[in-house]
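Open the model in your viewer and keep the selection panel at hand.

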Amino acid sequence: MKPFQKVYLEIASVCNLSCSFCPPTSRRAEFVGPDEFRRRLREVKPFTSLVALHVKGEPLLHPRLGLLLDICAEEGMQAVLTTNGTLIAKARPALLGKPALRQINLSLHSFEGADPDRLAAYLDPLLAFAGEAASRGTAVSLRLWNGEASADGSGSWNQSRLLLARLTERFPEAGDLERPLAPGSGIKLAERVYLNRDLVFDWPSLSAPEDDGTGFCHGLRSHAAVLADGTVVPCCLDGEGVIALGQLGEATFAEILASERALRLKEGFSRRRAVEELCRKCGYRKKFG
């Protein structure tokens, strides 16, 4: 059994949107070429059978996305994508029918506004794609990660009422999509198509307040990430490479995971202590107690 559930292999460091919930990156624009992608895939292959082709960038911007998915299939790896979905019509030929594409996550919370006409122009192509992708064996998750905490602990989705109403019309058999659910829960809308809701979270930042550092994180236990420039970081929330564990090309993935800094971070969380400053400023860690 391989040690990681997945490894994030970012293929693009840029995005076509500037969403309010996602801080801008200071990294240079970069796309991972097919040859380099294959090399990185082979580096992480002993550790996982699943790669997520994103960290902070928008993967559908990659001009060779279809080829990268073909390379995953050639290497016996499965892939998952998370996208804001605005480029889905253009990327459709690169995605549909790809045997390596296990799941695509469509981040509906990237739609910010209350204009029904704009919503239809955004959502209708996504739902058409979701149906076709699901019919070809790819799971589709429609994500709403912009809920606000409610008194009953379930969360409210005031910002997404218009969107949820449209989804309810499209999938009436799924029932009331605003019904109370535990954060992180999902609703099956159709075969292989799901709505997943969660509460909004703040990206970790060195400028954020620091807590006492107690808690746990699955970074370097269930996953790790490689940014587009080859920097290995412990988790997908370190989108700026603050906790740079090493650089692929200068060391192997295995050597980087065995480095002093990586082992110190992992051992710290074994004792429920965040030893890195960024980790002590990460609210997502509190999800795990």
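How many residues does α4 have, and how far does α4 reach from its first C-alpha to its last? Select residues 116-135. α4 has 20 residues and reaches 28 Å, close to the 28 Å expected at 1.5 Å a residue. (The expected span is 1.5 Å times one less than the number of residues.) Helices (H or I, at least four residues) and strands (E, at least two) are DSSP runs, numbered from the N terminus.

A word on the source: this is a predicted model, where local features need pLDDT of at least 70, side-chain atom pairs count only at pLDDT 80 or more, and totals for chains, interfaces and linings use all residues. Residues are numbered from 1 along each chain as its sequence is written, and side-chain values use heavy atoms, with hydrogens and water left out.

**Stop 1: the buried side of α4.** Pick Leu119, Tyr122, Leu123, Leu126, Leu127, Phe129, Ala130, Ala133 and Ala134; these are buried. (Buried is under 20% relative accessible area, exposed over 50%, partly exposed in between, with a 1.4 Å probe and protein chains only.) Now show the cover. It includes α3, β4 (101-107), β5 (139-147), α5 (161-170) and β7 (193-199). Contact here is heavy atoms within 4.5 Å.

**Stop 2: α3 against α4.** Axes are lines fitted to C-alpha atoms, for helices over the stretch in contact, and angles run from 0 to 180 degrees between N-to-C directions. α3 and α4 are therefore roughly parallel (under 35 degrees; over 145 is roughly antiparallel, 65 to 115 roughly perpendicular, the rest oblique). Show side chains: Ile88, Arg92 and Leu95 of α3 meet Pro125, Leu126, Phe129 and Glu132 of α4.

**Stop 3: α1 and α2.** Select 34-44 and 65-74. These helices pack at about 35 degrees, axes 10 Å apart. On α1, find Pro34, Phe37, Arg38 and Leu41; on α2, find Leu67, Leu68, Ile71, Cys72 and Glu74.

**Stop 4: two arginines.** Which loop holds arginine 192? The one between β6 (186-190) and β7. Arginine 192 is partly exposed, at 35% relative accessible area. Finish at arginine 272, in the loop between α7 (260-270) and α8 (277-280). Arginine 272 has a positive phi of about 60 degrees and is partly exposed at 41%.
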